[in-house]
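Subject: Structure handover

Hi,

Here is the structure I promised to pass on. Please open it first, then read the notes below with it on screen.

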Amino acid sequence: MARAPAGPVPVVVMGLGFIGQEICKAALSSPEVELIGAVDTHAALVGRPLGDVLGGPAPRVKVVDSLEKAVGRRKGAVLLHATGSRLPQVMDQLLAALKLGLPVVSTCEELAFPYLKYPELADKLDQAAQRAEVSILGAGVNPGFVLDRLVATAGLVCGPVRRATVTRVVDARTRREALQRKVGAGLTEEEFFELVDGEQLGHVGLVESAALAALGLGLDCDDYEEEVAPVFAEEDILGGAFTVKKGRVAGMFQSVVGLEDGQERVRLELTIAMGADEPKDRIEIDAEPRLVLEIPGGVAGDRATANVLVNAAPRLTAAEAGLLTVLELPAGR
């Protein structure tokens, strides 16, 4: 086990979309890290001062198009990575970072538990991280906290777990327009399912959260079943980036059930819809003692995800080398 850093950990942010910019802002407000670089390949961003991109105060850092340029000769930097949700699409970026000897914490949802869908890619990342003697981790709020790590932590006070049910309800009106579009708001039912079939709509990472929750609770699920369905507007819905007309899709309901020998052991239910009633995060664990935890309003997704990555960076420098899950990351600040 490596020692925890004595001072602020230098970090580089890769990917300056909405979440990447939130990560930059969180890094700038943290005494535990020092933002030393920003990477994006978008032509409109390369060469610009980071402060101009963020629209506020920032260190004298310019956006560059490669990690090598961002890191320079600085030692001990951690990469905060936010460029994509699908693991195959970001593999080259992750491997390049590991080759440079950078620990990586990424918002890539499929990296949260890649053994489920991509065992060969997971092994490749683990071996590369071991060779570089650094850690790599997929983290965030969902997956990474509410539906998995928090569930596993709650289970520590229970006896053998029979079943866990976790519900997350998000009123999409409180989130950015891109997410409102991502869950299908404003579409017809036919358009909704066309995008679902093309894997262009829906939340990435729910099945990974189910697998992490099962692992953390000591449940041996051998199969996972996932479903996505539209939520329809019962009246015109105002208050978001656009109006959703009555009868149109307001958002989505997505669920994953983890099964052991055909018996349900884990159920995750996620509703993200414009005007969703009673936003919350709720964990119910059927065990001795039975445990119910509820967060009224739910954990805010975007800034909380940024904070998760920034807070993970110092912990990652002291973690074991290899591909980790959030269940292996030391708790606490």
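Predicted model: local features only at pLDDT ≥ 70, side-chain atom pairs only at ≥ 80, totals over all residues.

Strands here are DSSP runs of E, at least two residues long, numbered from the N terminus.

UniProt, in an unreviewed entry, lists "domain: Dihydrodipicolinate reductase N-terminal" at residues 10-105. That stretch of chain is 35% helix and 21% strand. Its end C-alpha atoms are 13 Å apart.

UniProt also places "domain: 2,4-diaminopentanoate dehydrogenase C-terminal" at residues 145-331, again in an unreviewed entry. This span is 27% helix and 31% strand. Its end C-alpha atoms lie 11 Å apart.

**V39**

Is V39 buried or exposed? Its relative accessible area is 1%, and buried means under 20%. So V39 counts as buried. Leaving out residues up to four places away in sequence, V39 touches V12, V13, M14, G15, L16, V63, V64, D65, S66, L67 and A70. Q130 is 91 residues from V39 in sequence. Their C-alpha atoms are 24 Å apart.

**The cores**

Nonpolar side chains tend to be buried together in soluble globular proteins. The largest nonpolar core in this model has 45 residues. Those with the most contacts inside it are L217, V244, L268, I272, M274 and I285. Several elements give two or more residues to this core: α6 (149-154), β7 (163-171), α8 (189-197), α9 (206-217), β9 (249-260), β10 (263-273) and β11 (280-286). Which of them gives the most? That is α9, with 6 residues.

A second, separate core has 38 residues. I23, V53, V105 and L316 are among them.

L268 is worth a click. Beyond its neighbours up to four places away in sequence, L268 touches L147, V166, L206, S209, A210, Q254, S255 and V256.

**Helix α9**

Of the 12 residues of α9, 10 are buried, so this helix is largely enclosed by the rest of the structure. The buried ones are L206, V207, E208, S209, A210, A211, L212, A213, A214 and L217. They pack against α6, β7, β8, β9, β10 and β11.

The length of α9 also checks out. At 1.5 Å a residue, its 12 residues should span 16 Å. Its end C-alpha atoms are 16 Å apart, which agrees. G218 follows α9 and has a positive phi, near 75 degrees.

**The sheet**

Now look at the open sheet of 6 strands. Its order is β8-β9-β10-β7-β11-β12, and the pairing is mixed. The edge strands are β8 and β12 (291-296), each pairing on one side only. Neighbouring strands are turned by 10 degrees against each other on average, direction ignored.

Here are some of the pairings:

- β8 (residues 223-232) and β9 are antiparallel, over 10 bridges. E227 stands opposite S255 in β9.
- β9 and β10 also run antiparallel, joined by 10 bridges. The bridge partner of G251 is A273 in β10.
- β7 and β11 pair in the antiparallel sense over 7 bridges. T167 stands opposite R282 in β11.

Helix α8 packs on the sheet and touches β8 and β9. The direction of α8 makes about 150 degrees with that of β8.

The hairpin of β9 and β10 has 2 residues between the strands. In this hairpin, D261 takes a positive phi near 55 degrees.

How many of the 12 residues of β9 are buried? The count is 10, so β9 is largely enclosed by the rest of the structure.

V256 lies in β9. It counts as buried, at 0% relative accessibility. Neighbours within four places in sequence aside, V256 is in contact with L206, V207, A210, Y224, E225, E226, V266, R267 and L268. D281 is 25 residues from V256 along the chain, and their C-alpha atoms are separated by 16 Å.

Best wishes

Definitions and conventions: Residues numbered from 1 in each chain as written. Heavy atoms only, no water. UniProt positions renumbered as here; feature names shortened; annotations may be inferred. Helix = DSSP H or I, 4+ residues; strand = E, 2+ residues; numbered from the N terminus. Core = buried A, V, L, I, M, F, W, Y, C linked by side-chain atoms within 4.5 Å. Buried < 20%, exposed > 50% of the residue type's maximum accessible area, 1.4 Å probe, protein only. Contact = heavy atoms within 4.5 Å. Pairing = 2+ DSSP bridges. Axes fitted to C-alpha atoms, helices over the stretch in contact; angles between N-to-C directions. Expected span 1.5 Å × (residues − 1).
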